[in-house]
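Hello,

Here is the structure I promised to pass on to you. Please have a look at it first, and then read my notes below.

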Protein chains: 2
Amino acid sequence: MSRSSGGKVRGTGRTTLEEVAAHAGVSTMTASRALSQPQLVSEATRTKVELAVVELGYVPNRAARALASAQSRVIVALVPSLSNVVFTAVLDGIHDAIEHGQYQLLIGNTRYSDAEEEKLLLTYLQSNPDGILLSGLTHSPQVERMLAASRMPVVSMMDLADDPGELSVGFSQHDAGNAITRHLIERGYKRIAFVGAQLDERTLRRADGYREAMQAAGLADPKLEIMVPDPSTIALGAELMRHALDTLPDCDAVFFCNDDLAHGAIYYCQRHDIRVPQDVAIAGFNDLPASAWMVPSLTTIDTPRYRIGYEAASLLLDVIGGKEPRERRIDLGFTLREREST
Amino acid sequence: MSRSSGGKVRGTGRTTLEEVAAHAGVSTMTASRALSQPQLVSEATRTKVELAVVELGYVPNRAARALASAQSRVIVALVPSLSNVVFTAVLDGIHDAIEHGQYQLLIGNTRYSDAEEEKLLLTYLQSNPDGILLSGLTHSPQVERMLAASRMPVVSMMDLADDPGELSVGFSQHDAGNAITRHLIERGYKRIAFVGAQLDERTLRRADGYREAMQAAGLADPKLEIMVPDPSTIALGAELMRHALDTLPDCDAVFFCNDDLAHGAIYYCQRHDIRVPQDVAIAGFNDLPASAWMVPSLTTIDTPRYRIGYEAASLLLDVIGGKEPRERRIDLGFTLREREST
DNA sequence: CTGAAAGCGCTTACAG
DNA sequence: CTGAAAGCGCTTACAG
């Protein structure tokens, strides 16, 4: 009954391919082939091996395979946060795009920190990944160096790379920030504030898009930009709304760099009987599920975060597989959702 | 300049420990010890090896280490969803509890499916994990069998195991559902509906708690239970609120099995001028960030999801490390948040 | 404190 | 279609 250790000192004690082969009456390498390249083996042999696998409850040892084949079948994904639904949606997409039988996903949370990203990369390099998915376009010189030295394919997610050789999947954060600002300008708002938190590269690019639109309309004013490094939360959004109304009494619209903040602002206005959009218009970014439902519903930018993950992982898998990608820079676009809050 | 392949046919082409050892003028095994058990090596040797590591840019090969040591240093976590913030918070906690230099986390999304869970487990078993974190208490017989056969430590997350030998971290879903129902009863509501979606084991246990409280108060009525298998969303919450009001005209309170649904219900009432709680009271479950901010604020159960992940991973690490856990069943509790909606 | 040898469990050319 | 041998890059007892 017990396939026990039988005096063996090392190893995991699990059934090995060698035992499967012996049980099936073939050589180890034939057993190996029967499992990984069944078309190279006679049907009779394959059946014998498959039977032995079932009877012995054989589970392949991934470490041994990785070592022998020099192929890890590991993909690394680094995201700046695991509490931000934008990035968990990206991970969900990556997850779905990866055939789990083949590839294994290693997830790292960089916490918006270059140092953390470096540390994670160094750790994950030990797994000799076949490729890596990175959030954003800008990384520390050390990270760039490690990536270059490793020679593995890298796909950047969220924004579009300037360098056409670089692999990237996302949309133009700049253009999206620009588009929603132009929407507010077209609506007739003049004193449009921008509120940014976290100040990661995406927020800064959205701010660039905002600034450009304001300048083009002759409405630019540095006083209208409120920037804080704190993480975005509903509570912070409420606080920054209050701050904006206090310090900018003539402000007639606020573009928040994401929906979390904008939701806080809308709740704040509801509680203080500030009419949105009559007293002040509010716009967000990302189109979280609640945005279409709250009262008033929130004008925002719908972003393809799940698809970014899905397409980025698919692109990476293609490149790893040696396929020439149709595009190295996949623009998934964004959609302006005009709603009641503006 | 180039540490090139030099005729080697196999392998990754990366610097090996053997090369580091040669560079440092010591044996491979001394180099190995200098890195993994530095206290067993003289300071001079350690320095030489560390220098060689830096000069050659050595990165250990995890697969080789796993194979030689029969220790994968891999932990698997299986969750039913990657779009539900409850489970992404759990993963966030797990992530933070694992020292990344040592252990690697493999995440699986079972999509609330037993078959998927089985498939993932089978795949992840190939990595010979040191331990596994599972969501929920009930699993398919196949999964139970595979787990038993693998003999690896398992920690169940979210609810508390009945069997005192089983490792579990969470809180009593039953008691929490019971507590919020009793709160509604104490407030004087009589026709209290329960709305459950997804119908996973946690929802069913919350429903049990609800039913028990209703029976104890002599208020039980099967008509008050609305159960649908669809995933919980804000849109579904709005729809089920409408349905409840339509089919149960005398209903004076609704306990939704989670905040996502309850938020949809509150937005629905806002849009249709249904006063909450005067016309109908609404309660949720999980205390999502928006719940304290929306108008009216939502009465709900605050659940320690991040801590569940953190403590479950810590417990698993302890057991893997051979430590006897203080408790095998860690009750992290829950908190009733009484707010404006009831 | 240090080392020579064997072994972990697979896959890879190379033959036949 | 099948097999004997070598090797992937580490760590593990066992000596000294």
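**A helix in chain A**

Let me begin with helix α6 of chain A, residues 114-125: its 12 residues reach 16 Å from the first C-alpha to the last, close to the 16 Å expected at 1.5 Å a residue. Please keep in mind that this is a predicted model.

Which residues of α6(A) are buried? They are Glu117(A), Leu120(A), Leu121(A), Thr123(A), Tyr124(A) and Leu125(A). An α-helix has 3.6 residues a turn, so residues three or four places apart point the same way. The cover over the buried residues of α6(A) includes, from chain A, the strands β1 (74-79), β2 (104-109) and β3 (131-135) and the helix α7 (141-150). At the start of α6(A), you will find a side-chain oxygen of Ser113(A) within 3.3 Å of the backbone nitrogen of Ala115(A).

**Around DNA strand C**

Next, the DNA. How many residues surround DNA strand C? There are 27, and the closest are Leu17(A), Ser32(A), Met29(B), Thr30(B) and Thr45(B). Of the atoms of DNA strand C that come within 4 Å of the protein, 58% belong to sugar and phosphate.

- Leu17(A) has a backbone N or O atom 2.7 Å from a phosphate oxygen.
- Tyr58(A) places an N or O atom of its side chain 2.9 Å from a phosphate oxygen.
- Thr45(B) has a side-chain N or O atom 2.4 Å from a phosphate oxygen.

The largest share, four residues, comes from α4(A). By type, the residues of this surface are 12 nonpolar, 10 polar and five charged.

**One residue in chain B**

Finally, a look at Asp260(B), which sits in helix α11 (residues 259-271) of chain B. Why does Asp260(B) count as partly exposed? Because its relative accessible area is 25%, and partly exposed covers the values between under 20% for buried and over 50% for exposed. Beyond its neighbours within four places in sequence, Asp260(B) is in contact with Ser232(B), Thr233(B), Ile234(B) and Leu288(B). Ser150(B) is 110 residues from Asp260(B) along the chain, and their C-alpha atoms are separated by 37 Å.

Technical notes:
Residues are numbered from 1 along each chain as its sequence is written. Chains are lettered from A and ligands numbered from 1 in the order in which they are written. This is a predicted model: local features need pLDDT of at least 70, side-chain atom pairs count only at pLDDT 80 or more; totals for chains, interfaces and linings use all residues. Side-chain values use heavy atoms; hydrogens and water are left out. A residue is near a molecule or strand if one of its heavy atoms lies within 4 Å of it. A polar contact is a pair of N or O atoms within 3.5 Å; within protein, one must be able to donate a hydrogen and the other to accept it, and residues adjacent in sequence count only if both atoms are side-chain atoms. Helices (H or I, at least four residues) and strands (E, at least two) are DSSP runs, numbered from the N terminus. Ala, Val, Leu, Ile, Met, Phe, Trp, Tyr, Cys and Pro count as nonpolar, Asp, Glu, Lys and Arg as charged, and the others, Gly among them, as polar. The expected span of a helix is 1.5 Å times one less than its number of residues. Buried means under 20% relative accessible area, exposed over 50%, partly exposed in between (1.4 Å probe, protein chains only). Contact means heavy atoms within 4.5 Å.
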